[in-house]
Amino acid sequence: MMKTLLFTVLIIAISVALLSIKVIVKKNGKFSSQHVHDNPALRKLGIHCVLDQDKEAREK
């Protein structure tokens, strides 16, 4: 049981470290936004955030 717990914690720690390499290594590094309105490809297709779509629907 303890081996499994330690192994799981190790895997999670390695995953977090690998995900944060960009933030750690680059000067002024930051995670990119995962929000829909910040994605140029989705904007190009006309896909909006659900809040924006709801607001547009209420105005009509």
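**View 1. The salt bridge between Arg58 and Asp54.** Arg58 pairs with Asp54 in a salt bridge whose closest N and O atoms lie 3.0 Å apart; a salt bridge here is a side-chain nitrogen of Lys or Arg within 4 Å of a carboxyl oxygen of Asp or Glu. The structure holds one salt bridge. Because Arg58 and Asp54 are four residues apart in helix α4 (residues 50-59), about one helical turn separates them. Arg58 counts as exposed at 66% relative accessibility, whereas Asp54, at 36%, counts as partly exposed (buried means under 20% relative accessible area, exposed over 50%, and partly exposed in between, with a 1.4 Å probe and protein chains only).

This is a predicted model, in which local features need pLDDT of at least 70 and side-chain atom pairs count only at pLDDT 80 or more, while totals for chains, interfaces and linings use all residues. Residues are numbered from 1 along each chain as its sequence is written, and side-chain values use heavy atoms, with hydrogens and water left out.

**View 2. The nonpolar patch on the surface.** Phe7, Leu10, Ile11, Ile14, Leu18, Ile21, Ile24 and Val25 together form a nonpolar surface patch with about 810 Å² of accessible area (patch residues have over 30% relative accessible area and no salt bridge, and nonpolar side chains, namely Val, Leu, Ile, Met, Phe, Trp and Tyr, are joined within 5 Å, like charges within 9 Å; areas come from the Shrake-Rupley method with a 1.4 Å probe, and for residues only the protein chains shown count as cover). Helices α1 (2-19) and α2 (21-25) each supply at least two residues of this patch, and the largest share, five residues, comes from α1. Phe7 is found in helix α1 and, at 51% relative accessibility, counts as exposed.

**View 3. His35 in the loop between α2 and α3.** His35 is placed in the loop between α2 and α3 (40-44), and at 36% relative accessibility it counts as partly exposed. From His35 to Asp54 the separation is 19 residues in sequence and 16 Å in space, C-alpha to C-alpha.

**View 4. The setting of the close-ups in the whole chain.** Of its 60 residues, 3% count as buried.
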